[in-house]
Structure formats: structure tokens, C-alpha cells
Amino acid sequence: MFDQVWTQGLLHKLSHYLSQQYVEILASYLHRRKFKIHYGEVMSETRMIAQGSVLGPLMYTLFTADIPTHPDIVTAMFADDATLAAVSSSYEEAISTLQAHMDTVYS
């Protein structure tokens, strides 16, 4: 899911589209933030703020939007899962096509 996204990579991608001040605001949002609750004379323990928010799905979409595509391969993504599927007349050709595309995706 979004909390597993490579933060520095996401910020680098965002820096191509947003001004530096917005990237810095988002960097603040992405890094380990903490909070305490103070009520009257009582103070809670310090807790980490979870990244889950309305921005999470958008950030994940931006992070994964440039995954390479291939005309003979279907890429299906949901949350933190991705599946690549190829149809071919032979098993060997399908494997070869998938492997070549995977090499492109992970390079």
C-alpha cells in the first residue's frame, strides 16, 4: 500500500511537477510524524501518525503512474499488488515476453 512506497523516489518524481515548497510540505507529511494529546493535566504517550489519509491513494497513483507498458502484456494493479499477464501461442514466448518486460519495469 501507500505506506510501503519508496518515499525519496516519490518526492523525486513529484519535484518534476510541483514547486519546491509543495514538495517540502509533502515531505513533511510523508516522514515519521508524532503526536501527543494533552487534556487538562494529563498527557498521552507519544504516538506515530499513520500515513493513511485522503492523500494516500493519490500519492500512490502518482508514484506508480509511470510504470512501463507493453502492447502484448496486461498490467493490473490494486493497492500494493501488481500482476503482469501475457497471452501467446506458446509458453516459451509468453515467458520471454514477460521477462523482457519485467527487465524494463525494474531497470
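**Exercise 1. The salt bridge**

In this predicted model, Lys13 forms a salt bridge with Asp66. Find how far apart the closest N and O atoms are, and work out which parts of the chain the pair ties together.

*Solution.* 
Step 1. The closest N and O atoms of Lys13 and Asp66 are 2.7 Å apart. The cut-off for a salt bridge is 4 Å, so the pair qualifies.
Step 2. Lys13 sits in helix 1, and Asp66 sits in the loop between helix 3 and strand 5 (73–78).
Step 3. Count the salt bridges. The structure holds one.

**Exercise 2. The largest nonpolar core**

Name the residues of the largest nonpolar core. Then state which elements give two or more residues to this core.

*Solution.* 
Step 1. The core has eleven residues: Val5, Leu10, Leu11, Leu14, Val23, Leu26, Ala27, Leu30, Met59, Tyr60 and Phe63.
Step 2. Helix 1 (7–15), helix 2 (20–30) and helix 3 (55–64) each give two or more of them.
Step 3. Helix 2 gives the largest share, with four residues.
Step 4. Look at Val5. Beyond its neighbours within four places in sequence, Val5 is in contact with Leu10, Tyr60 and Phe63.
Step 5. Now take helix 1. Its buried residues are Gly9, Leu10, Leu11 and Leu14. They pack against helix 2 and helix 3.
Step 6. In soluble globular proteins, nonpolar side chains tend to be buried together.

**Exercise 3. A nonpolar patch on the surface**

Tyr17, Leu18, Tyr22 and Ile25 form a nonpolar patch on the surface. Find the accessible area of the four together, and decide whether Leu18 is buried, partly exposed or exposed.

*Solution.* 
Step 1. Together the four residues have about 480 Å² of accessible area.
Step 2. Locate Leu18. It lies in the loop between helix 1 and helix 2.
Step 3. Leu18 has a relative accessible area of 34%.

**Exercise 4. Two residues compared**

Classify His101 and Ser44 as buried, partly exposed or exposed. List their contacts, leaving aside residues within four places in sequence.

*Solution.* 
Step 1. His101 belongs to helix 4 (residues 91–105). Its relative accessible area is 3%, so His101 is buried.
Step 2. His101 is in contact with Pro68, Thr69, His70, Ile73, Thr75 and Leu84, leaving aside neighbours within four places in sequence.
Step 3. Ser44 belongs to the loop between strand 3 (42–43) and strand 4 (47–48). Its relative accessibility is 28%, so Ser44 counts as partly exposed.
Step 4. Not counting residues up to four places away in sequence, Ser44 touches Lys36 and Ile37.

**Exercise 5. The whole chain**

Give the order of the elements from the N terminus on.

*Solution.* 
Step 1. There are four helices and six strands. They run α-α-β-β-β-β-α-β-β-α.
Step 2. Along its principal axes, the C-alpha trace covers about 70 × 30 × 20 Å.
Step 3. Check burial. Of the 107 residues, 17% count as buried.
Step 4. Finish with the surface. The accessible surface is about 8,500 Å², and 59% of this belongs to carbon and sulfur atoms.

Note on methods
Residues numbered from 1 in each chain as written. Predicted model: local features only at pLDDT ≥ 70, side-chain atom pairs only at ≥ 80, totals over all residues. Heavy atoms only, no water. Core = buried A, V, L, I, M, F, W, Y, C linked by side-chain atoms within 4.5 Å. Buried < 20%, exposed > 50% of the residue type's maximum accessible area, 1.4 Å probe, protein only. Contact = heavy atoms within 4.5 Å. Patch = residues over 30% accessible without salt bridge, like charges linked within 9 Å, V, L, I, M, F, W, Y side chains within 5 Å. Areas by Shrake-Rupley, 256 points an atom, 1.4 Å probe, with all protein chains shown as cover. Salt bridge = Lys/Arg side-chain N within 4 Å of Asp/Glu carboxyl O.
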